[in-house]
Amino acid sequence: AGSKFQYDESGGTFFYFLLSFLALVVIPCTYYFWPKDRKKEDNKRDRKQCHCEQCAQKEHYLRNREPLRKVKRRVIRLGTYLSRQAHADVSPCRLGSSTAEIKKAYRRLSLVYHPDKETGDERKFLKIAKAYAALTDEEARKNWETYGNPDGPGAMSFGIALPSWIVEKENSFLVLGLYALVFMIALPVAVGVWWYRSVKYGGDQVLLDTTQLYYYFIHKTPHMPLKRVLMVLASSLEFERNHNSEVVERPSDNEEVPHLMKLLPNLGEKNKERPLCFTYSIKARALLHAHLSRMNLPPNSLDIDKLYVVWKCPYLLQEFVQCVSQLTMLALAGRIARTPSLDTLEYTMKLSALVVQALWDSKNSLLQLPHVSEDMLRHFTTRKRNVRNIRQLAGMKSDERRSMLRSLSDEQYENVMNVISKMPLLEIDVRSEVLDDEDAGIITAGAIVTVTVSLCRQNMSVLFDKEFIEEKSCIDNEEDNEEKENLAIGESGDKGQTNDANVKKPKAWEKQTKGKKKGQKNAKTKKTPKTAAIKKMTQNQNQQKENTTEANSQVVAVKKTKAPKESDGESDEEGSERGSDDNSDSDVEELEQKVKANEDVSEHEEDDNWDDFQTNVSKKKEPLEGKSKLSHSVHCPYFPEDKQEYWWIYLSDKKRHALISAPYLMTNLVDKEEVELKFTAPQKPGQYTYSVIVRSDSYVDFDISKTIKLDVKEAPKQTESHPQWDISEDEEEVNKDEDSAVEDSDLVNSTDESDDELDD
């Protein structure tokens, strides 16, 4: 048997190659785009999701965004069925089949493909007959099972997965032209089109021209009110047809947009600034005003355009915030003359939450809840209660809250409570330090200060549980107090004595808390930088050695004084000696306990310092990893997409009304996260007060701030000269003389050794 290479004349091998290549693309795409069965997921989420009218419309809109979703599902299922059917139609005769199975299969196939039958096929029947003859003969069957050929081993043929016409001389120009068309024309054109489109965009797919537009208006008007920010936002070039092909311009806009403008007060359509006066900018501005006012628009025209504009706004506002912060940092560095106002930054962040929730800044934040209308708000502020935000509503007692929302049905009330229970409840912890310094807690003038902000996110349902726990604890405290009073009265009755002055009755409004010592504090390990951690570890080791040596010396001294004194039967002396021995034993035990306690404390401190060192190393590795953009879904029925909770974190000075650190956008707050904000300490020593502010980009009136006070010390003077580095001229001459004397002595020794060798 030999080998034989040949081109595929019929083209069958080439199709196998093409099929295997397509399988590398089709199988992952099928797995990724396979339509999910959402019935089970919907049943699970049914109880937790909001069932208001707006949320139902949003869910219907999201499901209908893919018009070919059902067709795609049917095509995929049909392809799966055909592949299974083709797999089932494989020849029934396999390796190891018995003779009875082969005969049964031959009879079944002959009834279908015999030439005398209506469904007969002469060629297929000849192949079936040859296969039957080969499988019923033992020697032929053995050859087929071993070599794949009933006649035995033959020449091994390799089929090249290309048709033979590709290498023929007649088709050489056609093949070369095809290669040139694909690799020299089509591929460069595709790469060029992709590069031309991608080079227009910056971060988060925002046009670079839009970023330049933001820089221009921020520098032109450093102090922007909210409506001015909205006006600049609407002039973004993402809403202009020439810069974005996704924008649709309809003939009906000539009638519907002017009619909408008449219904909107304070639109500012008479502004003559360019591009604020352009048609696309006025249309986008009118759509944003209608969205914030929760107006109903024509469903097939303006409503579609409004959803597209609203969907783009969070990304554009994030870019706007970055532009404001960069210009602020440039102004602080003295690169530009005008410093953007802090109000401009805060209005931009506030506008993001207003767009997501479809509210004006003058509206009540309680309108973010489903089924809550403006008519119901008058019941929230009365003489007995004053509920102005969602957190106060969540902290109310259940019966008071239900009576206040008595106009809602039980289903609507449950829906409102489900939405509140998923809303965020943040707690922040702030600490400041100077990294890469020996004394991290001391802040000097001009030092780089690192403010670490720890965020802890919980659901607002914790407030419901807290209310229940507080009520239960009050009841338990009252029961315990009654039991103690009864026991005290019973004991005094048995003894016949009543000590009413000594027995203090606990009052109902007093909380029974365990007393703490004055010096006791919540021990919380402070994170230190690498150098400080290593220095502290060495100090602890030295202190440990000193303590152990002192304690061991004391133990040895006590043991030496513990020599037994001999006596001649005097009982008094023996008793005194035994007492002294007992005292010395107790002293030794106390000293040994102190030694062990010092060792345990030092080991514990070393472990803490090592943990802090490891956490600082791990923090520096985190920026190398990608930042997740999944946190928690936001209840936003008027926003066209599933919005995730993002949080802006920055440092500001309220006295000077200035931004201190660049804002940081946290996109991955699930339970707990930490952020480091860095800024330069003031050049003048003194007490400074700053505010760490956390703002939500999705919820209105969910902002948190915490004040920190920094005691800035005077920077230590840098030592230009050190005694170790100062060497006088006399010392240099003495060193030179000593070096020359050493060299002379070496030469003398070497000459003496050479003379001795010559004498020998």
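1. Helices and strands are named here from DSSP runs (H or I of at least four residues for helices, E of at least two for strands) and are numbered from the N terminus. On that scheme, His 371 falls in the loop between α14 and α15 (390-394). The model is a predicted one, so that local features are reported only at pLDDT of at least 70 and side-chain atom pairs only at pLDDT 80 or more, whereas totals for chains, interfaces and linings use all residues. Residues are numbered from 1 along each chain as its sequence is written, and side-chain values use heavy atoms, with hydrogens and water left out.

2. Two residues other than glycine deserve a look for their backbone angles. His 371 has a positive phi, near 65°, and is partly exposed, with a relative accessible area of 27%; here buried means under 20% relative accessible area, exposed over 50%, and partly exposed in between, with a 1.4 Å probe and protein chains only. Asn 266, in the loop between α11 and α12, likewise has a positive phi, near 55°, and at 60% relative accessibility counts as exposed. Most residues other than glycine have a negative phi, and most peptide bonds are trans.

3. The loop between α11 and α12 also holds Pro 275, which is joined to Arg 274 by a cis peptide bond with omega of about 5°. I would ask the reader to view this bond together with Glu 273, which lies in that loop between α11 (253-263) and α12.

4. Helix α10 (residues 226-234) is mostly covered, since eight of its nine residues are buried. These are Leu 226, Arg 228, Val 229, Leu 230, Met 231, Val 232, Leu 233 and Ala 234. The cover over them includes α9 (208-220), α12 (279-292), α13 (302-332) and α14 (342-357).

5. What does the side chain of Arg 228 meet in a salt bridge? Its partner is Glu 273, at 2.7 Å from N to O, where a salt bridge is a side-chain nitrogen of Lys or Arg within 4 Å of a carboxyl oxygen of Asp or Glu. Because Glu 273 sits in the loop between α11 and α12 while Arg 228 belongs to helix α10, the pair ties together parts that are 45 residues apart in sequence. Arg 228 is itself buried, with a relative accessible area of 14%.

6. By the same rule the count comes to 15 salt bridges. One of them is formed by the side chains of Asp 305 and Lys 283, at 3.0 Å from N to O, and this pair links distant parts of the chain, with Asp 305 in helix α13 and Lys 283 in helix α12, 22 residues apart. Asp 305 counts as buried at 9% relative accessibility, and Lys 283 also counts as buried, at 15%. Both belong to a network of salt bridges that links Arg 250, Asp 253, Lys 283 and Asp 305.

7. Asp 711 forms a salt bridge with Lys 713, the closest N and O atoms being 3.0 Å apart. Here Asp 711 counts as partly exposed, at 34% relative accessibility, and Lys 713 as partly exposed, at 40%.

8. A nonpolar core is taken as a set of buried Ala, Val, Leu, Ile, Met, Phe, Trp, Tyr and Cys residues joined through side-chain atoms within 4.5 Å. The largest such core has 90 residues, of which Leu 369, Phe 380, Leu 393 and Ile 420 touch the most other members. Helix α13 gives the most to this core, with 11 residues. At least three residues come from each of domain 2 (201-363) and domain 3 (430-464 + 627-712), the bounds being those of an automatic or database domain assignment.

9. Leaving aside neighbours within four places in sequence, Leu 369 is in contact (heavy atoms within 4.5 Å) with Ile 390, Leu 393, Val 416, Val 419, Ile 420 and Met 423. A second, separate core of 28 residues includes Ile 443, Met 666, Val 692 and Val 712.

10. A polar atom of its side chain lies 2.7 Å from the backbone oxygen of Glu 645. Not counting residues up to four places away in sequence, Ser 631 touches Gln 644, Glu 645, Thr 667, Asn 668, Leu 669 and Val 670.

Terms used: Polar contact = N/O pair within 3.5 Å; in protein donor to acceptor, adjacent residues only side chain to side chain.
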